[in-house]
Amino acid sequence: MRLEISLGRLRNEFVAKITELSGQDINLCYQCGKCSAGCPMSFIMDLLPNQVIRSVQLGLAEDITSSRTPWLCASCLVCTVRCPKGIDIASVMEAVRQIALRRSEDFIDPAGLERDTVAELPPIALVCGFRKLTG
Amino acid sequence: MARQERIGVFVCHCGNNIAGTVDIERVVEELSHYPGVVHVEDYMYMCSDPGQELMRKAIQEKALTGIVNANCSPTLHQRTFRRVAEAEGLNPYCVEIANIREQCSWPHADDKETATRKAIAIIKATVEKLRFNMALTPTVTPLTKRVLVIGAGIAGIQAALDIANGGYGVVLVEQDIGIGGHVMQLAGTFPSLEQPDSLIASRLAEVASHPLVKLYTYAEVEEVSGYVGNFDVKIRQKAGYINRGRCNACGMCLEKCPVLVSSEYDCGLSQRKAIRLPSPAALTFHPVIDVEHCLHFNGSQCQACCEVCPEGAIDFSEEDTFVEERIGVVVAAPGYDLLPVGQPEAYPEDPDIIDGLKFERILSATGPTNGEIRRPSDGKVPREVVFISCVGSRDPEHGVPYCSRVCCMYVAKQALLYRQAVPEGQAYIFYMDIRSDAKGFEEFVQDVMDEGGILYLRGEVSRMFRDGDKIKVWGVDTLIGRNIEISADLVVLARAMVPRPTTRELTRKLNIASDAHGFLTEAHIKLRPVESLTSGIYLAGTAQWPRDLPDTIASAEAAASKVLSLFSREELLHEPTIAWVDEEICSGCEQCVANCTYKAIEVDKRSNVARVNEAICEGCGSCAAICPSNAVQLKNSTPRQFFEIIDVAAG
Ligand SMILES: Cc1cc2nc3c(=O)[nH]c(=O)nc-3n(C[C@H](O)[C@H](O)[C@H](O)COP(=O)(O)OP(=O)(O)OC[C@H]3O[C@@H](n4cnc5c(N)ncnc54)[C@H](O)[C@@H]3O)c2cc1C
Ligand code: SF4
Ligand code: SF4
Ligand code: SF4
Ligand code: SF4
C-alpha cells in the first residue's frame, strides 16, 4: 500500500500536538541518525528514535502511537544532547507518551493486581507503571 | 648530425628512493668508462642547490657538450636541469633525463640486482640518444593581442570584461539576439537570492559599451584558421532584416506582426512575434525577423511591420554578411542546455510537469505571470508542488552518469521562493543525496529545510500520471522504507545539464576536443583546467562542465588570466622538438596530413613536399609514425636515436 502524503497529513492535529507538547520544531531534523546511534534502548525498539522523528515529519500518527519505542525510552537524554540540530528528542518521546496518557486509558488496574505480585515488585516499578500506563 | 662527445652523467640518490634499491657505486663505475662520457658524479639530491652547483662546476671545468641526469621522471625536473645548463651556456636540448626512479627503483624495490642492471641500461641508452641530439632553439612567432570570445553568457561576458579591462581588444560573438545566456531566465540566484537584473545588469551594460569590446550579436563563428598568436576568424552576421542604424527601437513592428511563436526566453510559457526583441534585460534593442516563422518569408505577402515602421528600417532583402577578424587567442564559452523532454525516461508530457528553467520563469518577476505562481495548464496557484532531483543525472543506464552539480541547490532555492510567494503551499523534494558543497551552500539548504512547508523525501520517483486536476506522483521514502503517493498540482523536474547540441560543430571549427557527453575537454583536469589541448584556445563556463554562477565566473576569470599572462609577452616561444621534413625523400603522399590532429602539416602544391607549420606542431610524432619513407622525423627523437636506444636496452 502506498502511503499518501499530503498537505493535510503533514499538518495534521497529531503533528501540531507533538510540536506543542514537546516545544520542538520537527522540520529541523535532517535524519542523520545520531540520536539512534547513541540510544541505549534502541536494540529493543521497533522504531528507532530518528524514525520516530521522521514519522512525525510525515504525520504518521498511527505508526507512532502503536510503537513500543516511546515506552521503552529510558529518558536518558543521550539523543537530546547529541542531536546536531539541537532537537530535544527525549521531549518528543515524552510528548508521544503524554498524548497516549491523555487518552486516560488505564493499562494497569491496581485493584486487579495479585497481592504476591505487588509484594515482589520493586516500588519504583509500580510508580513507573502508574506514571506511564495509567491515565 | 652533430655528435655529442663530451657527456656528463649525474646520478641522483633521491635520498633512499633510488639509492635504497640501485647500487649507485656500480652505476657510477660502469658509466665512467662508457664512450663519450667524460664526467660521472652522484649526489644525494641532484635537484637541490648543492646538486645543481655540481652540474654548473662540471659544465665549466669539463667543457661538457651534453648531460644525462639520471633521476626521477622528466615531468618533475627536466625543466630545472635544462635551466641550469642554459645558464652555463649549454643548449638546454642537450640535457636528457634517464628516469631511474619511476621506471626502475620503485617498481623493482625488491630486487637490487635487476634494478641496478636496469638503471645502467637506461642511462647508457639515454647517453646513446643524447649523442645525436641537436642543439635547438625555440621557434618565435608573433602574437596578435586580441581575443575572440565565443558565447556571451555570463562566462563569456566575464572573460571579455577581464581581458578588455586588462587593455586588450575583444571580439565577443553571440549567436542569440541578446546577451546574458541562461542567467537572464533565473528568478533569483542561490545562495544569496539576488535577481539576475540586480546581480549582473551592470556587467551586461559594461560589456555592451566597453570601448575595447566589439560585440556581435545574432552572429556565428563561421571559420577559424591559423594558430596560437595568429588566428583568422570569419564571423557570419546573420541577417535580421532590420537596419540597425535606422531602427529607433519604437516597437511598432512588434505590435503589428500577426504571427505568434512560443517564446524561447519564457521556455514556451508566453508567446512572441515573428519579429522579436531579446529579453528585456539583455540591453540590445535591435529587433530581428525570424525567417522560420515570418509570413513574408513563407510564401505570403505580409508587410505589416514594414508598413508601420516610421524609420523604414525593415529590409527584406538583407543578407547574411561576413566579417573577418584577426585575433591571437580564443575563449570558448558556449554554455549549456537541459536534457530534452522525453529523456531519459518517459515522464508523461503534461503542461504541469515542467523543467527547472520553466519554473524559474514562473517564479520570476519578469516572467509571463509577473512573478505570480500559476501553473501552466489552468493558471491555478499550485498548493502542492513536487520537485524531483537528478532527472537524467547520475543515471548511467538511462541518462548521463555525472552529477549536474547545480540542481540540488536550485531545487532548494525554488522551493524557498515558491513558499515565499505561496506561504500556505507545500513543497516536496525527492532526492538521492543533497549536494551543497560550496561556500554558504549547506547553510542555505539547512535554512530551506528549517523553513517548514518543504519536505525532503529521500528516494526517487517511479511514475507520475494525471488524475483529474492533479498529477499523482509515485515514489519512495527510503528513510521509512515506504512507498509514497503524492497528489501534486505541479511537478518540477531537475533535468540534467548537458552541452548545447551546437557545441559539437564549434569544436570542429576550433579543432578542440570534447568528451563523450559533448563537454569541452581541458588539457589536464587538475593542472591545466581552463586550457584546451589546442594551444591558444581556452575554455570557460558550463560548456566544459556543469557549474553554478560562482564556479562559472571563477572559470571565466581563470581563462582570462591565462590570456593576460600570455599577453604579457611580446612574442610566443614554441617548443622546437617538433616534426621536420627531409625534402629529398618526401614524395608528397599526404598520409601525414591526414594523420595530424593539429593540422600542422600540409603538402606544398608547387614543390609537392610536406611542410611543417612550426607554430602549430605539438611534436606528437603522428606524422613521423605514419610516413612510409621516414621523410618526417621528430627533432631529437629520430628513428636512428631509437635504434641506438633499443640496441643498448636489448644488449
Ligand atoms: C533551473 C536552473 C537554475 C539555476 N539557478 C542558479 C542559481 O540560483 N545560482 C547559480 O549560481 N547558478 C544557477 N544556475 C546555473 C547557471 O544558470 C549557470 O551557471 C550559468 O548560467 C552558466 O553560464 P554560461 O555562460 O556558462 O552558459 P549560458 O548561460 O548557457 O551562456 C552561453 C551563451 O553562449 C551562447 N552560445 C552558445 N553557443 C554559441 C556559439 N556556437 N556561438 C555563439 N554563441 C554561442 C548562447 O547563446 C549563450 O548566450 C541554474 C541553472 C538552472 C538550469
Ligand atoms: S532519551 Fe530515550 S530515545 Fe533518547 S537516547 Fe535515551 S532512551 Fe533513547
Ligand atoms: S540526531 Fe537530531 S537531526 Fe539527527 S536524526 Fe536524530 S533528531 Fe534528527
Ligand atoms: S513580415 Fe514577417 S515579421 Fe513582418 S509582420 Fe509580417 S510576419 Fe511579422
Ligand atoms: S546536483 Fe543534486 S540533483 Fe543535481 S544531479 Fe547532482 S545530486 Fe542530483
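Reader: How many residues of chain A are in contact with chain B?
Author: In this predicted model, 21 residues of chain A are in contact with 28 residues of chain B. The two chains bury about 2000 Å² between them, with 50% of that area on carbon and sulfur atoms. On the chain A side, A:Arg2, A:Leu7 and A:Arg54 supply 31% of the buried area, more than any other three residues.

Reader: What makes the pair A:Lys85 and B:Asp450 a salt bridge?
Author: The closest N and O atoms of A:Lys85 and B:Asp450 are 3.3 Å apart. The cut-off is 4 Å between a side-chain nitrogen of Lys or Arg and a carboxyl oxygen of Asp or Glu, so the pair qualifies. The count between chain A and chain B is three salt bridges, and 15 residue pairs are in polar contact, both residues being at pLDDT 80 or more.

Reader: Which elements of chain A give two or more residues to the side that touches chain B?
Author: They are β1 (3-5), α1 (7-10) and α4 (49-57) of chain A. By class, the side of chain A that touches chain B has nine nonpolar, five polar and seven charged residues.

Reader: Why are β1(A) and β24(B) called paired strands?
Author: Pairing requires at least two bridges, and three join β1(A) to β24 (residues 482-488) of chain B, so the two strands count as paired. They run parallel.

Reader: Which residue of β24(B) is the bridge partner of A:Ile5?
Author: The partner of A:Ile5 in that strand is B:Ile486.

How values were computed
Residues are numbered from 1 along each chain as its sequence is written. Chains are lettered from A and ligands numbered from 1 in the order in which they are written. This is a predicted model: local features need pLDDT of at least 70, side-chain atom pairs count only at pLDDT 80 or more; totals for chains, interfaces and linings use all residues. Side-chain values use heavy atoms; hydrogens and water are left out. Contact means heavy atoms within 4.5 Å. Buried area is the accessible area (1.4 Å probe) that two parts lose on being put together, summed over both. A polar contact is a pair of N or O atoms within 3.5 Å; within protein, one must be able to donate a hydrogen and the other to accept it, and residues adjacent in sequence count only if both atoms are side-chain atoms. Helices (H or I, at least four residues) and strands (E, at least two) are DSSP runs, numbered from the N terminus. Ala, Val, Leu, Ile, Met, Phe, Trp, Tyr, Cys and Pro count as nonpolar, Asp, Glu, Lys and Arg as charged, and the others, Gly among them, as polar.
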